[in-house]
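Here are my notes on this model, point by point. Please read them alongside the coordinates.

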Amino acid sequence: MSTSAPTVPAPSNRGARAVEPRARSEAPRRRHALGQGVSYLLMAVVVLGCLVPVALMARIALSPPAEWRTMPVDWLSQPFTGSFRAVLSGNFPHALANSLIIAVVTTALVVVMASVAGHALARMRSRHKERFLFFVLGTRMGPAVVFALPLFLLATKLRLVDTYVAIIAVYTVYNLAFAIWMMHGFFLDVPPEVEEAGLVDGLSEWGVFRRVSLRMTVPGVIATATLVFILTWNEFFYAFVLTRQVANTFPTTIPGYFGAFQVNWGEMFAASTMGVLPPVVFGLLVRKWLARGLSGGLVE
Amino acid sequence: MRTSRRYTITALTPSVLLFLLVLVFPTVYVFNLALRRHSLTDVVNNRYIGVQNFVDLAAGERFWSAAWHSLVFSAVSMAVSLPVGIAIALLIQRRLRGTSLLRAVLIVPMVLSPLVVGAVFRFMLDSRGFIDWLLHFVGLGGTAFLAQPSTALITVALVDAWQWTPFVAIVVAAAMETLPPSVMEAAKLDGANAWQELWHFVLPQIRPLLVLVALIRFMDSFREFDKPFIMTNGGPGTSSETLPIYLYKFAFQYYDMGYAAAVGLVMLVLISVTSTFIVRRFRASEGVAS
């Protein structure tokens, strides 16, 4: 797949019209059609490659145990709801609710702090600004496994293991860095003249921030919030280390379905299906900003 | 708007305080920890032991093998996701019908929990599972990819590539859109020259961004924990044990926090050195968002 795409002889319609004369010989046209055919084939392969694993997850979640290992998969057989019912009657709803609470609180904290800090940085004229931004960026490089050691020891000492406070504090910092980068970028797009006008109208600096700048960056705030939500929702390692049964989030329930001798694929995929739905929906809503957010605000 | 010093300080204080509390303190603590014998099970013998943890680590074969596995993991994940991602970006650039569907679908792998991705592929890769069936269907033989020491690590790395290839594709496609149309025309030429044009003409134009994407892919794959954990947990034996898994086992299964912290510091050094190398070598900073 990787090697064939660029060599496919398929000039796009748009480009071909601009460059080539109207009358074309038979040969290039045939090649053109062939190239388009290959392109469409590749597109189909990519689409299926992305979707089949997800579809398979949902299909197994809706299949009785006897059909889990049957290949080829019968995509249209009668749905079996036993796995979903078992998962919903267990501890999973508690974990799902935790995920929601923790993600929402983290998102709110991060968005407020990142908006305020991002605005101040966007208006700052100081050599410290670059330094601060790159320090913030550096926080993204550190692997969770490394920071988890001291955080776990600290949380143990403060008796904060398995509390909302600990996990929310960690997630807030974990997301703050890229959120500041993103909001900083959005505030740079607000024309300074508009803010000046606000000052002339008698608003304080905070007033300008709240009533002028923030209102002009509402799409940016929404994009940032959604990304923080997705990343927090999906995070596994910190939750695995810092929570037990009280503040545990949905990903931490997944390893529990892998028994020593057998895996309860149906229930595990039922839990997974419910767990991945919110990020998929939100991800599609903010897809324009997704790549930028996932790169830690690095990529424009 | 020129903001006052007071405004700047007030606005930045909460974030800075939180960074200090939850980030700088732990980093300092890791250094301290790495120089101690700090076991959670055998507390009486905990004490400063200097660089002994690092000596142990350098002498341990299992550590070097984990470090090697991590590099292989990142290399495979990058070697697949970058070229395939660029190829998909070129496909997006053709603007055929259905491209918006393609773009939407590419979002899906990225927003899935990496742990769930690992679980789904573990199911698909089982012997006589979906991938096995698919390979037989197209006339190739399958095998128990995750159960064999020779294939387990590379298989997990390929799953990592599956999740992040769309990221490369979307970012590169966005960068290509900012290029003048004439540049992209070159990549659409028929015949044998297309590769050369792409390599010598199109890709150099977006080089800073490509380097940045490579950097992000390196950092993310190097610290990837979820997929190796759920798919093989380092097995069979230690054949797919990467540094994050190795560190996790020492810290949270053997409770040897001091040694694990030393491993963590080595990881940080490896990430910094490799990142600096990538940035210096290719001057990635040109591509950093304003």
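1. In chain B, take the contacts between residues at least 6 apart in sequence: 69% of them join residues at least 24 apart. Contact here requires C-beta atoms, placed from the backbone, to lie within 7 Å.

2. This is a predicted model, in which local features need pLDDT of at least 70 and side-chain atom pairs count only at pLDDT 80 or more, while totals for chains, interfaces and linings use all residues. Residues are numbered from 1 along each chain as its sequence is written, with chains lettered from A and ligands numbered from 1 in written order.

3. Chain B has 13 helices and two strands. These are DSSP runs numbered from the N terminus (helices H or I, at least four residues; strands E, at least two). Its C-alpha atoms fill a box of roughly 70 × 65 × 30 Å along the principal axes.

4. Now the interface. On chain B, 87 residues are in contact with 90 residues of chain A. Helix α1 (residues 5-34) of chain B gives the most to that side, with 14 residues. The chain B side divides into 69 nonpolar, 10 polar and eight charged residues. Nonpolar means Ala, Val, Leu, Ile, Met, Phe, Trp, Tyr, Cys and Pro; charged means Asp, Glu, Lys and Arg; the others, Gly among them, are polar.

5. Leu149(A) deserves a look. Beyond its neighbours within four places in sequence, Leu149(A) is in contact with Val30(B), Leu33(B), Ala251(B), Met257(B), Ala260(B), Ala261(B) and Gly264(B).

6. Of the 290 residues of chain B, 49% count as buried, that is, with 20 or more other C-beta atoms within 10 Å of their own.

Key: Two residues are in contact if their C-beta atoms, placed from the backbone, lie within 7 Å. A residue is buried if 20 or more other C-beta atoms lie within 10 Å of its own, exposed if 12 or fewer, and partly exposed in between; C-beta atoms are placed from the backbone.
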